[in-house]
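Me: I am new to this structure. Can we go through it in short steps?

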Amino acid sequence: MLEGAKSVGVGAATIASAGVAIGIGNVLSSSIHSVARNPSLAKQLFGYAILGFALTEAIASFSPMMAFLISFVFQVP
């Protein structure tokens, strides 16, 4: 029973990878639209885009950590 719950938990934790892909797409899309609207702010917007990528990728690093935590910390006695 606990093994099944662990598998479901690990699967749910790795779903965050799909969210990360969507988030990166949104950041890139917003960056392209912003530069298209105002090309003179391209350098400043690039910094914001890099910050958005970094924060989105932080979620990508937390999801495998949670998956490993769920699968290895909660041991079946």
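**Helix by helix**

Reply: Start with the buried residues of α3, which are Leu45, Ala49, Gly52, Thr56, Ser63 and Ala67. Keep in mind that this is a predicted model.

Me: Against which helices do the buried residues of α3 pack?
Reply: Contact here means heavy atoms within 4.5 Å. By that cut-off, the partners of the buried residues of α3 are α1 (2-14) and α2 (16-37).

Me: How far apart are the end C-alpha atoms of α3?
Reply: Helix α3 covers residues 42-73, which is 32 residues.

Me: Are the buried residues of α2 on the same side or on opposite sides?
Reply: The residues in question are Val20, Gly23, Val27 and Ser31. Around the axis they cover an arc of only 70 degrees, so they lie on the same side of α2. In an α-helix, residues three or four places apart point the same way, because there are 3.6 residues a turn. The answer is the same side.

Me: Which helix do those buried residues pack against, and which residues are exposed on the other side of α2?
Reply: The buried residues of α2 pack against α3. On the other side of α2, the exposed residues are Ala21, Ile22, Ile32, His33, Ala36 and Arg37.

Me: Are α1 and α2 roughly parallel or roughly antiparallel?
Reply: Their axes come within 4 Å and cross at roughly 5 degrees. Angles under 35 degrees count as roughly parallel. Therefore α1 and α2 are roughly parallel.

Me: Which residues meet between α1 and α2, and how many are nonpolar, polar or charged?
Reply: Ala12, Ala13 and Thr14 of α1 meet Ala16, Ser17 and Ala18 of α2. By type, the contact of α1 with α2 has four nonpolar residues, two polar and no charged.

Me: Which residues does Glu57 touch, leaving out those up to four places away in sequence?
Reply: Glu57 sits in helix α3. At 40% relative accessibility, Glu57 is partly exposed. Its C-alpha atom is 8.2 Å from that of Ile24, 33 residues apart along the chain. The residues Glu57 touches are Val20 and Ile24.

Me: Is Ala58 buried, partly exposed or exposed?
Reply: Ala58 also belongs to helix α3. Buried would need under 20% relative accessible area, and exposed over 50%. At 24%, Ala58 therefore counts as partly exposed.

Key: Residues are numbered from 1 along each chain as its sequence is written. This is a predicted model: local features need pLDDT of at least 70, side-chain atom pairs count only at pLDDT 80 or more; totals for chains, interfaces and linings use all residues. Side-chain values use heavy atoms; hydrogens and water are left out. Helices (H or I, at least four residues) and strands (E, at least two) are DSSP runs, numbered from the N terminus. The expected span of a helix is 1.5 Å times one less than its number of residues. Buried means under 20% relative accessible area, exposed over 50%, partly exposed in between (1.4 Å probe, protein chains only). The arc is that of the directions from the helix axis to the C-beta atoms. Axes are lines fitted to C-alpha atoms, for helices over the stretch in contact, and angles run from 0 to 180 degrees between N-to-C directions. Angles under 35 degrees count as roughly parallel, over 145 as roughly antiparallel, 65 to 115 as roughly perpendicular and the rest as oblique. Ala, Val, Leu, Ile, Met, Phe, Trp, Tyr, Cys and Pro count as nonpolar, Asp, Glu, Lys and Arg as charged, and the others, Gly among them, as polar.
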